[in-house]
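Hello,

Here is the structure I promised to hand over. Please open it first, then read my notes below.

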Amino acid sequence: MQEQQSPAFSIVDPLSTSFGNTLAGKFVWGNKLAVYAFRPITATTRDEPTEDAGKKPVNIHFLQPEFIFDDPILRSLIAEASSTFVALQKLNCKGYKADYIKISRTYRSIIRACLEKLQEAASSTEPEAMEKCELYQQFIAIFYSIECVWHLSEILFLHPSNSHVVVPQLLEWVRFHFPSYERMATDLLLLGPDGSKSDEYWPCLKGLIMQGQVDVARALLQLHPQAGSAAYEIAEQILKTMPTYNILGGFSVQKFRSQWQYWLTDTERKLAANTLSAEPYLEELIQLVTGDTEIWNTQIHNSQYWYEHLPGQLFYTNPACTHFELGAIANAWLERWASLKSYDNIEHLLKHLDKVILNLMENNMHQVIHSIQLMADNQWFVTHLTDLLYNCGQLQLMGQHQLNDCIKLRDSLLYEFGSNLMTRNSLWQLGMDYLEYCSEQEGMATLEMLLTKIPIKTEKQALKILDICSKKQFINAEEEICKVQAKKSFTEERYGNALEWAIRSRDTLYVTSIADYLLKHYVQTGDILCPDVIANIGAKMFISPRLVFLAKYFDFYQFYRKKDLLPAAELLLNLLESEIIPEYFWPSLLVDTIPLLESKDPKIFFKETCCILQHLESNLMPLIEKKKKHMEKHPNEPINILKHYRLDNVEQIVNLLRLACARNLSRAIIIENTLIN
């Protein structure tokens, strides 16, 4: 992967050119940035419109980093990695070494599976896949680098031996990432004796030897027609007796070094005696095994990557190399590689991946973390690797007295990555896990806030988010989401649904506003909206006095429609005596008393009739006078004083109400004062 360059782009804004191409910006949501033209203000700037005011358009440009995980293949990677991340957190920094190695290998297997899918998609002949071929190639380069660095990090930090010898693991790493020689050897072995006739036979043997795969090289040598000759038998004996350092072998490093030196001296003596001079290719292989500088320099000059042959060289020259020695050895090897390549400036020679690998071998964790943040993977790699190193206690290698800084680094990466995922419609549930395991206060507070920002498309999704809020006791978020749903339903004229959401939000003001709308609609049309919802409100009505009035008036309305006048009259009188009647509803409520007052069988008694007359004079008449005064100030408005109450003739209605009260009073007095034998 090439060295990361700062992306360059331009914004064409005619208005900004008038002020020296100045722009201002503001984050609006997640990592989306709004950029717009900006006029610099100084102490001498005059407070007046500019010459361009109203002439040039005012544009707002939205900028946002490219998000690669919107691709379906990469989305599967992030989903699988999230479950592994959660499993790691459950260890709670108390797992065993094997547990963390298993987690690391799980991450790597997820990356390898993703790489296979990307390679398959890149080679597909389908039209859609062919259009994305270049993009898939970029993804392959990114995630190959990630897997390569992760594997080396696992070797150096998660899987160190007690003796800190790293050469066997480095050989495995090289074989894994440069598998061409091993594949070539497999094909040659399948050919049998004919394999030695291939043009790839000796190059394959050289490659195997430089990767430390001595046993495979010995097997290939047995295919040669001259395998039984003296030279080949000597070579077989040399390779067979070569000592290899085994951590579990029970030998100390000092004893191994003495055995190695004895074997090396004996092999060099045989080479000096020209025992293999008859077979130059075979002699060159043994010279590679002894670490011959000239032969190795030739191979190094032909290599593409500086680290390609380093583990093999260590295997033959310093097989007991430890983790602590690796940094100095890697720098010396890099200088040797650069000089053989005839490069003076190593810095310009190295690509981004080359530098990261060098920093890893130098144990420079600060620079490693900084470098892998530059990979174009939306911080996926640096977040997960840093979290893994933190959980297994290896992040403290950055410094013995910097534990707090390590925790802050890990938390900040989780925070940024989780917040980024929360802004994606299809990945917000995965982002929750990262914020939940971030620092307790900051992570949970951010999660509560971001849950309210999720674009909700269906009520099913809203209920799902509310269930999450309920489990995590995000009361404020739950109320905010309910209010948003209530406003959305109200805009869509689903008033019953809006009322239910408003009640669930426990927002008294908003519940009151919706109840007001329903009551005013009834006043204007005589129809009650969403009767099923109002009928089943129950005890929830007490969240708002206006809702209590709506529910009780609906009960009266139901009794009245069923001609059950006695309970209807009782409810109506209770409402009149309450103090929760909105001013605009007095005309309708008092008009509703007329049929009850005119009933042949009196339903309202003397005392209650007097109360109705009192409300007529103290509530309805002041409202009428108020309307008249308003009409005098605004003569152009319609003449009808109570135009919104279905009352065309105000004076006639008032007279009818007074007459009905007088008649009911006369009947009530007679009935209440009649003595029954």
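Predicted model: local features only at pLDDT ≥ 70, side-chain atom pairs only at ≥ 80, totals over all residues.

Residues are numbered from 1 along each chain as its sequence is written, and side-chain values use heavy atoms, with hydrogens and water left out.

Helix 17 spans residues 352-361. Helices here are DSSP runs (H or I, at least four residues), numbered from the N terminus. Of its 10 residues, 10 are buried, so helix 17 is largely enclosed by the rest of the structure. Buried means under 20% relative accessible area, with a 1.4 Å probe and protein chains only. Those buried residues pack against several helices, including helix 5 (133-158) and helix 15 (323-340). Contact means heavy atoms within 4.5 Å. Asn363 follows helix 17 and has a positive phi, near 65°.

Helix 19 covers residues 380-391. Here 11 of the 12 residues are buried, so this helix too is largely enclosed by the rest of the structure. Trp380 and Phe381 are among them. Just after helix 19, Gly393 takes a positive phi of about 85°.

Now the pair. Helix 25 (residues 495-505) and helix 26 (residues 508-525) pack at about 155°, axes 9 Å apart. Axes are lines fitted to C-alpha atoms over the stretch in contact, and angles run from 0 to 180 degrees between N-to-C directions. Helix 25 and helix 26 are therefore roughly antiparallel (over 145 degrees). The contact includes Tyr495 and Leu499 of helix 25, and Tyr510 and Ile514 of helix 26.

Best wishes

Methods. Buried < 20%, exposed > 50% of the residue type's maximum accessible area, 1.4 Å probe, protein only. Helix = DSSP H or I, 4+ residues; strand = E, 2+ residues; numbered from the N terminus. Parallel < 35°, antiparallel > 145°, perpendicular 65-115°, else oblique. Expected span 1.5 Å × (residues − 1).
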